[in-house]
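Here is a short briefing on side-chain contacts and helix packing. Keep the structure open while reading.

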Amino acid sequence: MDASTQSTEPTGSFTAAAWDRIAPIMAEIEALPLLQRLSDGTLPPEVFRHYILQDALYLKHYARCLAIVAAKAPDNAQVLRFLGSAQKAITVEQGLHAGFLTQFGISSADVTSAEPSPAGFAYTNFLLATAYHSSYAVALSSILPCFWIYWHVGEAIKNRPVIEGNAFQAWINTYGDPQFAAGAREVIALTDIAARAASPVERAQMTDVFVRASQYEWMFWDSAWRLETWPV
């Protein structure tokens, strides 16, 4: 993937240090076959169907995580920011999913009956447990990788030459959109504000959950590429 996203990386802050920590993970994410082949339009349809179904299940839980973080926020401005994020996560991404579900022949019954993959189940339970049981700062740090990594990946892919007839162009357009970038930047800024008020122990916890969530991001995409199901 093109190394053309330096603007997605703030400097001299908690989040800059956290982003540096996940450099090896990001290198693995950028090399994922699913993302490489999504960007050039050659991703097998069955892989994308698996991914988009899992992503729909993930979004349902992720939106709830955002709402929990909103409830823990220290002031009304941040409460409103995360309530807005939860709403946007539901409306914008469900709109994207709806188009793809139709395009790839996935029915509402398919969505209703789908069960999370092992990686998806582990990731959403990690996020929900962290949101419920941790401080605002730590919970915020756990949800940040989803915003930031999708922004980073979207920016990298959109800067490649457009492939005519790419069935996945709407995905690229969504995560490469300036509005999505603005939302990610805002969550990064809020995380840095929270980190400045956090104790050294809490900051260490923030780093730990940021790294773990980033690992789960890799696992989620990789599991879709492998069409992961429960082994027994």
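Is Y123 buried or exposed? Y123 is buried, with a relative accessible area of 1%. The model is predicted. Its contacts include 21 aromatic pairs and four salt bridges.

**Aromatic pair W19 and W148**

- The ring centres of W19 and W148 lie 4.3 Å apart, with the planes at 20°. Planes under 30 degrees apart count as stacked, so this pair is stacked.
- W19 belongs to helix α1 (residues 14-21), and W148 to helix α8 (residues 136-158).
- The two residues are 129 residues apart, and their pairing links distant parts of the chain.
- W19 and W148 are both buried.

**Aromatic pair Y58 and Y123**

- For Y58 and Y123, the ring centres are 5.1 Å apart and the planes are at 35°, so the pair is tilted.
- Y58 sits in helix α4 (residues 45-72), while Y123 sits in helix α7 (residues 118-133). The pair therefore ties together parts that are 65 residues apart in sequence.
- Y58 counts as buried at 6% relative accessibility, because buried means under 20%. Y123, at 1%, is buried too.

**Aromatic cluster**

- One aromatic cluster is formed by F48, Y51, Y58, Y62, F100, F104, Y123, F126, F147, F168, Y216 and F220.
- Y58 and Y123, the tilted pair, are among the members of this cluster.

**Packing of α1 and α2**

- Two packed helices are described by the angle between their axes and the distance between the axes.
- Helix α1 packs with helix α2 (residues 23-30) at an angle of about 60°, and the axes are 5 Å apart. That angle makes α1 oblique to α2.
- On the α1 side, the contact involves W19, D20 and R21. On the α2 side, A23, P24 and M26 take part.
- By type, the residues of this contact are four nonpolar, no polar and two charged.

**Salt bridge E186 and R81**

- E186 and R81 meet through their side chains in a salt bridge, at 2.9 Å from N to O.
- E186 lies in helix α10 (residues 178-197) and R81 in helix α5 (residues 76-103). The bridge therefore ties together parts that are 105 residues apart in sequence.
- E186 is partly exposed, at 38% relative accessible area. R81 counts as buried, at 13%.

**Salt bridge K158 and E155**

- The side chains of K158 and E155 form a salt bridge, with N to O at 3.2 Å.
- K158 and E155 are three residues apart in helix α8, so about one helical turn separates them.
- K158 is partly exposed, with a relative accessible area of 35%. E155 counts as buried, at 13%.

**Salt bridge E228 and R226**

- A salt bridge joins the side chains of E228 and R226, at 3.5 Å from N to O.
- E228 counts as buried at 15% relative accessibility. R226 is partly exposed, at 46%.

Key. Residues numbered from 1 in each chain as written. Predicted model: local features only at pLDDT ≥ 70, side-chain atom pairs only at ≥ 80, totals over all residues. Heavy atoms only, no water. Phe/Tyr/Trp six-rings, centres within 6.5 Å; stacked < 30°, edge-to-face > 60°. Helix = DSSP H or I, 4+ residues; strand = E, 2+ residues; numbered from the N terminus. Buried < 20%, exposed > 50% of the residue type's maximum accessible area, 1.4 Å probe, protein only. Axes fitted to C-alpha atoms, helices over the stretch in contact; angles between N-to-C directions. Parallel < 35°, antiparallel > 145°, perpendicular 65-115°, else oblique. Contact = heavy atoms within 4.5 Å. Nonpolar A, V, L, I, M, F, W, Y, C, P; charged D, E, K, R; others polar.
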